[in-house]
Amino acid sequence: MATSKLTIVVPAYNEEEVLTSSVQKLLAVEDQIAAQAVLGQRADILIVDDGSKDHTWEIIENLHAANSRIRGLRFSRNFGHQSALIAGMSEAVKTADMIVTIDADLQDDPDKIVDMVDAYADGADIVYGVRNNRETDSWFKRTTAQGYYKVLKLLGVELVPNHADFRLMSKRAVETFLQYPERNIFIRGLIPKLGFKTAEVFYKRTPRMAGESKYPLKKNAGLCLGRDYQPDDSAGAVHSHSGYLVLPTGGGHGGLRHCHDNAGAHRARLVGVDGVAVVRWGHPNDQPRGDW
């Protein structure tokens, strides 16, 4: 455990109001874990900008410039929360031994990451963050959530009640999950099927500190109706149409780097540094395209 590396993956869409404070809190949590001699200094944060229209990416650039433990991915446009999580996990698993996913607003309790790492140390490959109350939800959201879980249970879908996407996964669990070929994947519907040892940590969700929810009723309805879970028989299609770039650790100077997404209609950019890597996911039949 002393040499294990933790990466916290943070999907972010128009989160300029909370991102800086959220990252500082997550760094403090990582430092707390490091002080317990669990991780040493092997921990970082990977923020996935899901095509934000505000200053989210500029904030990521500034955070990275100030602290190399903070890295960033930028989508060429908005592809959605689940795609952002998958892209982040796909990049993080290259170097991390365990990966935590948490939303940028930190309504999920980041202090519970300490308990998740403890559960990992005790042998769990997947640690679910589970809400132990829904006091911050409206009556409508509580009622529809309860109905949602009941309907899916009747349909035979295995879900962890009151768990969204706040979880820790080991490297081998993430690598196994990424072998699924589905497109627009519904992550929380597949994680329980992986078969690894699991644990749960419980927490109370808090209201947003600023801004508004980036997952409103329309998107929740699409998730419930299965629009985000569409099987596809093409290996690797889970990343189809998600062109993005990596802001790596390291110093130096460089220019702008560009790449096209699969359709060639959108562009993603990155202020480069020495040794910058351009990462582009797509259908296996697609050929990489880029301007240098």
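**Figure 1. A salt bridge between R172 and D125 in the predicted model.** In this predicted model, R172 and D125 form a salt bridge whose closest N and O atoms sit 2.8 Å apart. R172 belongs to helix α6 (residues 171-177), while D125 comes from the loop between α4 and β5 (126-131), so the pair ties together parts that are 47 residues apart in sequence. D125 has a relative accessible area of 7%, so it counts as buried.

**Figure 2. The salt bridge between R167 and D165.** Here the closest N and O atoms of R167 and D165 are 2.9 Å apart. Buried or exposed, these two? R167 is buried, and so is D165.

Figure 3. E91 pairs up with R71 in a salt bridge, with 3.8 Å between the closest N and O atoms. This one links distant parts of the chain: E91 is in helix α3 (residues 81-92) and R71 in strand β3, 20 residues apart. Both ends are tucked away from the surface: E91 is buried at a relative accessible area of 8%, and R71 counts as buried at 7% relative accessibility. For a salt bridge the cut-off is 4 Å, so the 3.8 Å of this pair makes the list. Which other residues join E91 and R71 in one network? Salt bridges with shared partners bring in K5, D44 and K94. Across the model, the count comes to 14 salt bridges.

**Figure 4. Helix α3, covered from end to end.** The helix that carries E91 is mostly covered, with 12 of its 12 residues buried. The list runs through H81, Q82, S83, A84, L85 and I86, then A87, G88, M89, S90, E91 and A92. How does its length check out, that is, what span should its 12 residues have? At 1.5 Å a residue, α3 should span 16 Å, and its end C-alpha atoms are 16 Å apart, which agrees.

**Figure 5. Helix α1 and its buried side.** Run the numbers on helix α1 (residues 19-35) and they fit too: at 1.5 Å a residue, its 17 residues should span 24 Å, and the end C-alpha atoms are 24 Å apart. The buried residues of α1 are L19, S22, V23, L26, L27, V29, E30, I33 and A34. Why do they count as being on the same side of α1? They cover an arc of only 160° around the axis, and that puts them together on one side. What covers these buried residues? The cover includes the strands β1 (6-12), β2 (43-49) and β3 (70-75), along with the helices α2 (56-66) and α4.

Figure 6. The model has three aromatic pairs by count, and two of them are described here. F166 is in the loop between α5 and β6 and Y203 in strand β7 (residues 198-203), so the pair ties together parts that are 37 residues apart in sequence. F166 and Y203 are both buried.

**Figure 7. Two loop residues with positive phi.** Most residues other than glycine have a negative phi. L106, not a glycine, has a positive phi of about 55°. Look for L106 in the loop between β4 (98-101) and α4 (112-121); at 11% relative accessibility, L106 counts as buried. The phi of N162, also positive in a residue other than glycine, is near 60°. N162 is found in the loop between α5 (139-154) and β6 (167-170). With a relative accessible area of 26%, N162 is partly exposed.

**Figure 8. The protein chain as a whole, for context around the close-ups.** The secondary structure comes to eight helices and 11 strands. Of the chain's 292 residues, 52% count as buried. How much of the contact count comes from residues 24 or more positions apart? Among contacts with a separation of 6 or more, they account for 77%. The chain exposes about 13400 Å², and carbon and sulfur atoms supply 52% of that area.

Technical notes:
Residues numbered from 1 in each chain as written. Predicted model: local features only at pLDDT ≥ 70, side-chain atom pairs only at ≥ 80, totals over all residues. Heavy atoms only, no water. Helix = DSSP H or I, 4+ residues; strand = E, 2+ residues; numbered from the N terminus. Buried < 20%, exposed > 50% of the residue type's maximum accessible area, 1.4 Å probe, protein only. Phe/Tyr/Trp six-rings, centres within 6.5 Å; stacked < 30°, edge-to-face > 60°. Expected span 1.5 Å × (residues − 1). Arc of directions from axis to C-beta. Contact = heavy atoms within 4.5 Å. Areas by Shrake-Rupley, 256 points an atom, 1.4 Å probe, with all protein chains shown as cover. Salt bridge = Lys/Arg side-chain N within 4 Å of Asp/Glu carboxyl O.
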